[in-house]
Amino acid sequence: MTQDYSLNQQLNHIEVSEIRQFDEAVSGIPGILKLTLGEPDFNTPEHVKQAAIDAIENNYSHYTGMAGDPELRQAVADFIHTKYQVDYRPTDEILVTVGATEALATAITTITNPGDALLLPAPIYPGYLPLLHLNQVTPIYIDTRATDFVLTPELIEATITAHPEANIKGIILNYPSNPTGVTYRDHEVQALAQVIKNHHLIAISDEIYSELTYGESHVSLAKYAFDQTILVNGLSKSHAMTGWRIGFLMAPSTLTTEMKKVHQYLVTAATTVAQRAAIEALTTGIDDGQAMKAEYLKRRDFMFAGLQELGFSVARPDGAFYLFAKIPAELQLNSRDFTKALAEENQLAIIPGTAFGDAGEGYVRLSYAASMATLEDAMARLTTFMINHRAA
Ligand code: PLP
């Protein structure tokens, strides 16, 4: 560029995520084994792929309506009704988005003005903060360390009280949680819904891991705070379809009407062929996730037990495919030093907890979206590392 342009100042606050940075930094280490990224290791089910092939052959090559293919919106409505007992009208309360990511961007842009604040329980998925920056929204973190990463109504109340000057518009919830795996039982969701209603907050509830709970079934926030909830979901995790980029945005029609304006000028509509595949995933394949979940459960149990044996304490790992483990104090290593040393000395890459904000210091995130053989190898490497460092 020959001239210095003054670009969007907000971009000065945005960095490549620490997850990606770390992943790239360790990729050059020979023999490195990675439990870094949050991607299902399964392939998209065959019948879903076939639906996309059929769609191409049948010339599904045109735009769909902005809100998405009507058949898909009906399938989403049926899915949310059947699985979570929440009713959204396919006609005007559901938008099909380009992954959960576009749903989040659209929701944040729609509900905020510059100078507003949003509450973010921390540690937190790093995809949200850059979207706040782009919209000039102030993040207010709710530190959940003291409650083992469980968000409570008391923590929300205390944070609101501590920020009397802030124009707090809403809260972003994510459960089952990336990075902690924590999720909420029915009475806990009810209690969170109540405090959200009491404070007239809008909750963007990112429930992208809703199909991956290992104890009780998932309970959507929309069940108890329908009018206040913008519900985000999608097929990336439930059907191993990250690359298809299909997400869902659901809310009362007053909000959806406004969100549709943002969505249509950001992306027009999600890819037509991927939407046809999504119909197959949510109808014939409505329970495709169950077999994957059974595998994740075995892996979780294996990793959870192994980590505890090595002296890590692990947050309530009831959902998603992550374990958030506390580094044993006697090692005297912070998150970054621990993960760097582990990658260099034993060729195992896991993510420093600080990638999820300051509240993640002292922790590491392991993804168990990997085969059992890979996980066994990973635990062997971690065991060697721990023995060496305890002896030192
Ligand atoms: N929300 C959370 C909590 C995630 O962990 C991820 C992906 O890792 C996303 C959203 C993004 O989902 P998508 O790939 O559908 O955009």
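Modeller: Start with the word "domain": the bounds come from an automatic or database domain assignment. On that basis the protein is divided into domain 1 (9-43 + 289-391) and domain 2 (57-282). Keep in mind that this is a predicted model.

Colleague: How far apart are the C-alpha centres of domain 1 and domain 2?

Modeller: Those centres lie 26 Å apart.

Colleague: What makes residues of domain 1 and domain 2 count as being in contact?

Modeller: Two residues are in contact if their C-beta atoms lie within 7 Å. By that rule, 34 residues of domain 1 are in contact with 36 residues of domain 2. On the domain 1 side, α1 (18-27), α10 (289-309) and β10 (322-326) each supply at least two residues. The largest share, six residues, comes from α10. By class, this side of domain 1 has 17 nonpolar, 10 polar and seven charged residues.

Colleague: What does the UniProt annotation cover?

Modeller: The unreviewed UniProt entry places "domain: Aminotransferase class I/classII large" at residues 32-382. Over residues 32-382 the chain is 40% helix and 16% strand. The end C-alpha atoms of that stretch are 13 Å apart.

Colleague: Now α4. How do you know that its reach is close to the expected one?

Modeller: Helix α4 covers residues 99-111, which is 13 residues. The expected span is 1.5 Å times one less than the number of residues.

Colleague: Why is α4 called mostly covered?

Modeller: A residue is buried if 20 or more other C-beta atoms lie within 10 Å of its own. In α4, 11 of the 13 residues are buried, so the helix is mostly covered. Among them are Gly 99, Ala 100, Glu 102 and Leu 104.

Colleague: Which residues are closest to the ligand?

Modeller: The closest are Gly 99, Ala 100, Thr 101, Asn 178 and Ser 236, and 14 residues surround the ligand. The largest share of this shell, three residues, comes from α4. By class, the shell has three nonpolar, 10 polar and one charged residues.

Colleague: Asn 178 also takes part in a peptide bond with Pro 179. What is that bond called, cis or trans?

Modeller: The bond joining Asn 178 and Pro 179 is cis, with omega about 25°. Pro 179 lies in the loop between β5 (168-174) and α7 (186-198). The bond from Ala 122 to Pro 123 is cis as well, with omega near 5°. Pro 123 sits in the loop between β3 (117-122) and α5 (129-134).

Colleague: Why is Asp 148 called partly exposed?

Modeller: Exposed needs 12 or fewer neighbours, and buried needs 20 or more. Asp 148 has 14 other C-beta atoms within 10 Å, so it falls in between and is partly exposed. Phe 149 has 22 C-beta neighbours inside 10 Å, so Phe 149 counts as buried.

Colleague: How do you know that Arg 73 is buried?

Modeller: Arg 73 has 26 other C-beta atoms within 10 Å, and the cut-off is 20 or more, so Arg 73 is buried. Arg 73 is found in helix α3 (residues 70-84). Beyond residues up to four places away in sequence, Arg 73 touches Ala 67, Gly 68, Pro 90, Ile 94 and Val 96.

Note on methods: Residues are numbered from 1 along each chain as its sequence is written. This is a predicted model: local features need pLDDT of at least 70, side-chain atom pairs count only at pLDDT 80 or more; totals for chains, interfaces and linings use all residues. UniProt positions are given in the numbering used here, feature names are shortened, and annotations may be inferred rather than shown by experiment. Helices (H or I, at least four residues) and strands (E, at least two) are DSSP runs, numbered from the N terminus. A residue is near a molecule or strand if its C-beta atom, placed from the backbone, lies within 6 Å of it. Ala, Val, Leu, Ile, Met, Phe, Trp, Tyr, Cys and Pro count as nonpolar, Asp, Glu, Lys and Arg as charged, and the others, Gly among them, as polar.
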